[in-house]
Amino acid sequence: MTLKILEDRLSSIAFKGKEARSRVSCGKNSVSGAVSQRACVFCGARVVLNPITDAFHLVHGPIGCASYTWDIRGSLSSGSQLYRHSFSTDLKEKDVVFGGAEKLEAAVREIVEKYQPPLIFIYSTCLVGVIGDDVEAVCRKAESQYGIRVINVKAPGFAGHKAMGYRLASEAIMKLISREPEVPKEKFGVNILGDYNLAGEAWIIGNYLKEIGVPVVTTFTGDSTCASLRRSLGALLNVVQCAGSMMYLAKGMEESFDIPFIKASFFGLADTKSALLKIADLIGSKEVRRKAAILCHRETEKAQRELSPYLPKLKGKKAAIFVGGGFKAISLMRQFEELGMETVLVGTQTGTSEDYEVIASLASKGTVILDDANPSELESFMRQKGADILVGGVKERPLAYKLGIAFCDHNHERKIPLSGFTGAVNFTKEINLSINSPVWAHLRKKPSLGIWS
Ligand code: SF4
């Protein structure tokens with residue numbers, strides 16, 4: 001099969017072991033016309049901040065931007081449900097001509113009167129970036145008038161890509177916590193950064209940590225509240241789960257508040273065990289270390305017993321991975337190795353050169369590694385490599401199904417927790433269910449003959 005790749009995209013694609021060039025170029029703006037799978041700057045900021053459950057998320061822009069709602073980040077809450085609503089100033093033609101600041105002021109007033117939230121985020125989207133409303137002035141005025149925090153997230157979609165939105169969200173969080181007076185330190189307390197409590201994952205990890213005697217002060221931002229984020233400065237350590245979205249915040253908190261950070265993945269048996277033991281080591285308590293070792297031993301044995309019936313059914317199958325961040329892609333490669341499967345394609349939307357170095361070191365010969373891929377490239381390489389399953393998000397799902405390839409949702413919308421020991425078992429069951437479904441035999445003929453229907 002002839003692969004048609006845009007010339008400007010060639011440096012973002014590599015084949016492990018086939019070329020002298022071992023690195024893919026990354027961190028750039030998407031190539032014009034390449035139909036990137038990446039979301040816009042506003043979406044990047046919104047997905048990070050939206051799980052703050054008692055905050056009010058107001059989208060200042062046309063109503064279309066407000067279609068990014070709780071549905072694209074199905075994080076769960078143990079308290080307020082305010083974050084599940086979507087609010088917009090719904091800018092129209094008249095606002096473009098005369099400005100939308102008055103409308104925004106009126107919206108903030110209405111929100112304060114009806115909901116009394118402790119915190120409002122105002123997301124300024126593309127249109128506001130063009131007409132130039134002074135949103136900062138509206139925020140300052142509202143803060144002094146109502147005595148709550150009102151933070152502008154200046155996120156016009158056209159200003160870059162999703163990763164820039166992550167950075168803007170981190171800056172907004174820094175603005176929120178920086179004004180806190182001295183926060184007392186919590187014994188052995190940690191913050192988890194980059195867990196969005198999808199399907200209750202933050203609760204699973206929180207329970208492991210609780211069992212070993214390590215309290216979670218707050219999670220950024222799954223099931224968090226304005227008050228819990230403010231207490232975050234009482235933690236001894238930041239544990240970064242999703243490095244793609246949270247490295248900027250982790251570095252900022254280290255520089256400004258002297259809270260060190262580690263990267264730790266809770267996807268897969270090996271990574272979860274290593275994350276818990278690493279945290280226990282850094283906490284520096286023998287008792288915590290002892291409890292962590294007991295928990296890891298018990299849960300690993302239990303999970304392995306549950307996994308073992310599936311291993312013969314998965315052995316030798318080929319996986320393609322296309323996810324948001326590099327850290328998740330790395331964990332998934334390790335998980336597939338644990339299951340005896342081969343990763344034949346791995347790509348991310350916002351991976352860093354450091355991530356791609358690790359990916360290249362884990363990949364087997366011939367694995368396709370690609371940054372900011374588009375559907376055409378994914379299709380071509382999955383066919384060429386004979387992938388049996390694609391792990392990705394909502395935008396990749398139709399592509400896999402149209403090709404007659406099994407699919408596993410590892411993105412914001414999923415309803416099954418995939419973190420921790422429990423999540424590793426769920427992941428295996430889901431991969432098995434999808435990959436060994438009898439439906440594929442009816443949809444797909446021999447790919448070696450190039451016949452797919
Ligand atoms: S690209 Fe611009 S207009 Fe589209 S959703 Fe993002 S912020 Fe809104």
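Guide: Ala, Val, Leu, Ile, Met, Phe, Trp, Tyr, Cys and Pro count as nonpolar, Asp, Glu, Lys and Arg as charged, and the others, Gly among them, as polar. This is a predicted model, where local features need pLDDT of at least 70, side-chain atom pairs count only at pLDDT 80 or more, and totals for chains, interfaces and linings use all residues. Residues are numbered from 1 along each chain as its sequence is written.

Visitor: Which residues are around the ligand?

Guide: A residue is near a molecule or strand if its C-beta atom, placed from the backbone, lies within 6 Å of it. Around the ligand here are Cys40, Phe42, Gly61, Cys65, Thr125, Cys126, Pro156 and Gly157. This shell has five nonpolar residues, three polar and no charged.

Visitor: How many residues of α6 are buried?

Guide: Helices (H or I, at least four residues) and strands (E, at least two) are DSSP runs, numbered from the N terminus. A residue is buried if 20 or more other C-beta atoms lie within 10 Å of its own, exposed if 12 or fewer, and partly exposed in between, with C-beta atoms placed from the backbone. In α6, 13 of the 17 residues are buried, so the helix is largely enclosed by the rest of the structure.

Visitor: What span does helix α6 reach from its first C-alpha to its last?

Guide: The expected span of a helix is 1.5 Å times one less than its number of residues. Helix α6 covers residues 162–178 and reaches 24 Å, close to the 24 Å expected.

Visitor: Which way do the residues of β2 point?

Guide: Phe56, Leu58 and His60 point one way from β2, while His57 and Val59 point the other way. Five of the five residues of this strand (residues 56–60) are buried, so β2 is largely enclosed by the rest of the structure.

Visitor: Over how many bridges do β2 and strand β4 pair?

Guide: Two strands pair if DSSP finds at least two bridges between them. Strand β4 (residues 119–124) pairs with β2 over five bridges, in the parallel sense. One example is His60, whose bridge partner in β4 is Ser124. Strand β3 (residues 87–88) also pairs with β2 in the parallel sense, over two bridges. There the partner of Leu58 is Phe87.

Visitor: In what order do the six strands of the open sheet stand?

Guide: The order is β1-β12-β11-β10-β13-β14, and the pairing is mixed. At the edges stand β1 (13–15) and β14 (406–409), each with a single partner strand, so one side of each is left without a neighbour in the sheet. For angles, axes are lines fitted to C-alpha atoms, for helices over the stretch in contact, and angles run from 0 to 180 degrees between N-to-C directions. Neighbouring strands of this sheet are turned by 15° against each other on average, direction ignored.

Visitor: How many of the residues of β10 are buried?

Guide: Five of the six are buried, so β10 is largely enclosed by the rest of the structure. Strand β10 (residues 318–323) runs parallel to strand β13 (residues 389–392), and three bridges join them. Across that pair, Ile321 stands opposite Val391. With β11, strand β10 pairs in the parallel sense over six bridges, and the partner of Lys318 in β11 is Glu342. Helix α13 (residues 326–338) lies across β10, β11 (342–348) and β13, at about 165° to β10.

Visitor: Which are the edge strands of the open sheet of four strands?

Guide: That sheet has the order β7-β6-β8-β9, with parallel pairing. Its edge strands are β7 (216–221) and β9 (261–263), each pairing on one side only. Neighbouring strands here are turned by 20° against each other on average, direction ignored. Three bridges join strand β8 (residues 237–240) to β9, where the partner of Asn238 is Phe261.

Visitor: Which residues does Ile435 touch?

Guide: Ile435 lies in helix α17 (residues 420–435) and is buried, with 21 other C-beta atoms within 10 Å. Not counting residues up to four places away in sequence, Ile435 touches Leu314, Lys317, Asp388, Ile389 and Ala406. Ala319 is 116 residues from Ile435 in sequence and 9.7 Å from it in space, C-alpha to C-alpha.

Terms used. Two residues are in contact if their C-beta atoms, placed from the backbone, lie within 7 Å.
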